Amino acid sequence: MAYDDFDKPGINKPLIGAAIAVAVAGLGGWLYWRSHHAPLPAVPVSGQPEPVAPAQEARIEHPVPASPDDASTTALPELNDSDKAIIDALGNAAAGVALAQYLVPESVIRHIVVTVDNLPRQKIAVDKRPVTPTTGVFIADGDELHATLDSRNFRRYEPVTDVIRKVDMQRFAAVYLRFYPLFQKAYQDLGYPTGYFNDRLVQVIDMLLATPQITGPIQLVRPNVMYVFADPKLEALPAGQKLLIRMGADNATAVKAKLMELRAIITAAGPKH
C-alpha cells in the first residue's frame with residue numbers, strides 16, 4: 001500500500017477492472033470444474049421428489065447484545081434515508097466532541113460497513129471512506145531509493161486521535177447497537193447475504209489489535225509515484241495495520257485502547273450456541 005493512498009482523490013480504475021475480470025474468470029472456472037467433476041444426481045426409484053435438506057443457518061459467533069434502547073429500533077429509518085438519524089445520534093453520543101467535521105455526511109452506514117470490510121485487505125475504497133481525508137502533506141526523509149517516514153507525519157493524525165481519546169465508547173456502542181439492523185442490512189447488500197456484520201467487526205478489531213509495534217525508523221522506497229514500505233513483510237500487511245503504523249506508535253496505542261473497549265461491549269452477549 002502506498003503511503004499516500006489515503007490522500008489521493010480517485011481510485012485505480014484499471015485495477016478494479018482487473019479485479020472484476022479475475023472474479024468473473026474464477027467463477028467461470030469453478031462452474032466448469034463443477035460441471036465436469038460433480039457427481040450426477042441420483043434418480044428417485046419411486047418417482048417421488050428428493051427431500052430438500054434444510055438450509056443451514058449461518059453460525060453467529062458474536063451476537064450483538066440487546067440495545068439499551070430497544071423500543072427505539074421500531075423507529076429506525078430505511079437504510080438509504082438513515083444519514084441524518086445516524087449523524088444526529090453520533091453527535092449526541094459525542095457530547096461536545098467535534099465529531100461531525102470528520103464525517104462524510106453521505107451513505108454513512110454503508111461507508112462504515114464497506115471500510116470495515118476492507119481494512120483486512122490490501123486496499124481500501126477511497127470513495128467509500130466514512131471520514132474526511134487527513135490534512136497536511138506526506139513527508140519522507142531521503143530519496144526514492146533510501147527514505148524514512150518522517151515523524152512529523154504522525155502529527156497529521158493527532159486531531160482525530162484526540163477526538164477518539166475523548167469519546168465515551170459506551171455511548172457510541174449504544175448507537176451502534178440501536179442502528180445494528182441497518183448495519184446488518186448494509187453488510188448483506190455488500191454481498192454477504194448470510195453474513196453477520198458484528199462477527200466481521202470483531203474479526204477486524206482483532207486484526208487491528210494485532211498490528212506490530214514498530215520501533216526505530218520506518219524505511220521507505222519509492223518505486224513509482226508513491227512511497228511504500230521498504231520491508232516487504234510490512235508492505236504485505238493489511239491496509240488497516242499499515243494505517244495504524246503510519247499514524248505513529250502513540251496514536252496507534254490510543255486507537256487500540258478504544259478498540260478494546262468497543263470489542264468488550266459488542267461481544268458481551270457471548271457466543272451463540
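These legends accompany several close-up views of one predicted protein model.

The model is predicted: local features need pLDDT of at least 70, side-chain atom pairs count only at pLDDT 80 or more, and totals for chains, interfaces and linings use all residues. Residues are numbered from 1 along each chain as its sequence is written, and side-chain values use heavy atoms, with hydrogens and water left out.

**View 1**
Helices (H or I, at least four residues) and strands (E, at least two) are DSSP runs, numbered from the N terminus. Along the sequence the pattern reads α-α-α-β-β-α-α-α-α-β-β-α-α-α. The protein has 273 residues, and 37% of them count as buried. Buried means under 20% relative accessible area, exposed means over 50%, and partly exposed lies in between (1.4 Å probe, protein chains only). The protein exposes about 16000 Å², with 61% of that supplied by carbon and sulfur atoms. Accessible areas come from the Shrake-Rupley method with a 1.4 Å probe; for residues, only the protein chains shown count as cover. Among contacts with a separation of 6 or more, 75% link residues 24 or more positions apart. Contact means heavy atoms within 4.5 Å.

**View 2. Four strands form an open sheet.**
The strand order is β1-β2-β3-β4, and the pairing is antiparallel. Two strands pair if DSSP finds at least two bridges between them. β1 (140-142) and β4 (228-229) stand at the edges; each has a single partner strand, so one side of each is left without a neighbour in the sheet. β1 and β2 (residues 147-149) run antiparallel and are joined by three bridges. Ala 140 has Leu 149 in β2 as its bridge partner.

**View 3. Helix α6 crosses helix α7.**
Two packed helices are described by the angle between their axes and the distance between the axes. The axes of α6 (residues 180-189) and α7 (residues 197-209) come within 9 Å and cross at roughly 85°. That makes α6 roughly perpendicular to α7. On the α6 side, the contact is made by Tyr 180, Phe 183, Gln 184 and Tyr 187. On the α7 side, Phe 197, Asn 198 and Arg 200 take part. By class, the contact has four nonpolar, two polar and one charged residues. Ala, Val, Leu, Ile, Met, Phe, Trp, Tyr, Cys and Pro count as nonpolar; Asp, Glu, Lys and Arg count as charged; the others, Gly among them, count as polar. Axes are lines fitted to C-alpha atoms, for helices over the stretch in contact, and angles run from 0 to 180 degrees between N-to-C directions. Angles under 35 degrees count as roughly parallel, over 145 as roughly antiparallel, 65 to 115 as roughly perpendicular and the rest as oblique.

**View 4. Helix α3 is mostly covered.**
Nine of the eleven residues of α3 are buried. They are Val 108, Ile 109, His 111, Val 113, Val 114, Thr 115, Val 116, Asp 117 and Asn 118. Their cover includes α2 (83-94), α6 and α7. Ile 112, also in helix α3, is partly exposed, with a relative accessible area of 23%. Leaving out residues up to four places away in sequence, Ile 112 touches Pro 130 and Phe 183. The C-alpha atoms of Ile 112 and Pro 130 are separated by 5.5 Å, and the two residues are 18 apart along the chain.

**View 5. Ser 107 and Asn 118 are seen with helix α3.**
Ser 107 lies in the loop between α2 and α3. Most residues other than glycine have a negative phi. The phi of Ser 107 is positive, near 50°. Ser 107 is partly exposed, at 33% relative accessibility. Asn 118 belongs to helix α3 (residues 108-118). Asn 118 is buried, at 13% relative accessible area. Neighbours within four places in sequence aside, Asn 118 is in contact with Lys 123, Ile 124 and Ala 125. Asn 118 and Pro 238 are 120 residues apart in sequence, with C-alpha atoms 9.0 Å apart.

**View 6. Thr 211 sits in the loop between α7 and β3 (219-221).**
Thr 211 is buried, with a relative accessible area of 7%. Not counting residues up to four places away in sequence, Thr 211 touches Gln 241, Leu 244, Ile 245 and Lys 256.

**View 7. Val 160 lies in helix α4 (residues 158-166).**
Val 160 is partly exposed, at 28% relative accessibility. Val 160 and Thr 134 are 26 residues apart in sequence and 8.7 Å apart in space, C-alpha to C-alpha.
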